[in-house]
Amino acid sequence: MKATLILENGMVFRGESIGATVDKVCEMVFNTSMAGYQELLTDPSYAGQGVVMSYPLIGNYGVNSEDNESRQPWVEALVVRHLSPRGSNFRCEGTLNDFLKEHNIPGIEGVDTRALTKILRNQGSMNGMLTCAEHFNISEVLEKLRSYRVTKTVERVTRQASETFEAIGTQRFHVAVMDYGVTQHVIDCLRRRGCKVTALPASTPAQEVLSGGYDGVMLSNGPGDPAENTVAIEEVRKLYDSDLPIFGLCLGHQLLALATGAKTGKLPYGHRGGNLPVRDLEKGRVFITSQNHGYAVLTDTVDPAIAEISHVNVNDGSCEGLIYKRTKCFSTQFHPEANAGPKDTEYLFDRFIEFMGGEQ
């Protein structure tokens with residue numbers, strides 16, 4: 001079956017339908033990862049977005065029940081150059097195409113995804129519509145695309161009730177994770193370091209966290225515009241005003257910055273991939289990182305009396321991390337858990353453990 005991708009700028013791309021055959025309007029972004037497509041599909045940070053994979057072959061190792069990062073996929077649509085018809089891997093339990101169909105996610109293959117990536121990079125992320133319809137009114141489609149907005153995504157992806165995960169091995173600490181869209185591997189990175197983890201809904205009041213007997217709190221990754229989470233920002237400020245060790249990650253990094261007076265802004269096309277270079281200013285080293293975000297903390301709005309820039313994106317100079325003057329509080333824009341890789345910056349989890357009183 002034929003499928004068509006229409007972009008907000010009026011460009012049209014035709015290919016073959018994969019996955020479900022439903023129409024979908026979403027924000028189109030690109031990702032440069034060569035592997036990890038299942039983790040990407042199930043990452044809550046992609047809620048409201050369709051993803052263009054710049055790497056040309058996707059689906060070659062299939063899917064399995066172990067690699068999901070959350071309870072369901074969140075990607076709205078998938079665009080690939082070529083979808084492998086079968087998966088070749090000893091862990092493979094099914095094909096990516098069947099996975100897309102099972103979860104009602106439409107897709108298109110046969111598109112020049114590298115050309116499409118250049119368009120999104122040069123003109124910026126934009127809305128798009130994926131359809132299998134043979135005939136459509138382009139004017140009506142463009143009107144729909146230009147009015148579409150990605151909103152209230154944290155409310156969609158967060159847990160509705162708290163959930164506890166026991167430490168792997170001997171328990172050393174009990175960490176509260178504010179679930180703005182946390183991935184399972186973040187939780188597992190803490191568990192492997194001896195942390196019992198309680199994941200809490202995004203709406204959980206700060207006082208409940210502060211009175212819960214936790215040794216530290218992680219502000220998790222998640223989707224959407226950080227500035228729209230006004231209630232969460234107020235609660236994060238209350239956590240900041242306590243003496244509880246805090247580690248902010250991705251959206252949590254942005255919410256912490258907003259809670260302390262800084263501002264955030266939308267990047268032209270965002271950072272999404274597993275190969276983005278970041279300089280750790282303290283270590284004087286560049287690390288390759290995994291990232292997935294469309295917004296960033298604006299460097300010139302950070303009050304040096306409150307925080308210092310700790311990490312910088314090598315490509316565009318944007319803020320990738322903050323270390324706060326308030327003790328035992330730091331945050332990063334990139335993903336140190338990095339599933340499916342790289343693992344270069346997992347040392348930041350060890351720093352959090354040290355802040356809670358443990359040894360690195």
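1. Which helices each supply at least two residues of the lining of the second largest cavity? They are H7 and H8. H8 brings the largest share, four residues. Keep in mind that this is a predicted model.

2. The volume of this second largest cavity is about 40 Å³. Its lining includes Met178, Tyr180, Thr204, Val209, Glu235 and Leu239. By type, the lining residues are nine nonpolar, one polar and one charged.

3. The structure has two cavities of 30 Å³ or more. Among the residues lining the largest cavity are Ala257, Thr301, Asp303, Ile306, Leu322 and Tyr324. Seven of its lining residues are nonpolar, three polar and one charged.

4. Now the cores. The largest nonpolar core holds 32 residues. Tyr180, Val209, Val217, Leu219, Leu256, Leu322 and Tyr324 have the most contacts inside it. Elements giving two or more residues to this core include strand E11 (173–179), helix H7 (206–210), helix H8 (230–240) and strand E18 (319–324). H9 gives the most, with six residues.

5. Val209 deserves a look of its own. Val209 lines the second largest cavity and is one of the residues with the most contacts inside the largest core. Leaving aside neighbours within four places in sequence, Val209 is in contact with Ala176, Met178, Leu200, Thr204, Tyr214, Val217, Leu239 and Leu244.

Terms used. Residues are numbered from 1 along each chain as its sequence is written. This is a predicted model: local features need pLDDT of at least 70, side-chain atom pairs count only at pLDDT 80 or more; totals for chains, interfaces and linings use all residues. Side-chain values use heavy atoms; hydrogens and water are left out. A nonpolar core is a set of buried Ala, Val, Leu, Ile, Met, Phe, Trp, Tyr and Cys residues joined through side-chain atoms within 4.5 Å. Buried means under 20% relative accessible area, exposed over 50%, partly exposed in between (1.4 Å probe, protein chains only). Contact means heavy atoms within 4.5 Å. On a 1 Å grid over the protein atoms alone, a cavity is a set of points where a 1.4 Å probe fits but cannot get out, and a pocket is an open set with protein on both sides within 12 Å along at least five of seven lines; lining residues have an atom within 4 Å of a point. Grid points are joined across faces, edges and corners, and a volume is the space filled by probe spheres set on the points. Ala, Val, Leu, Ile, Met, Phe, Trp, Tyr, Cys and Pro count as nonpolar, Asp, Glu, Lys and Arg as charged, and the others, Gly among them, as polar.
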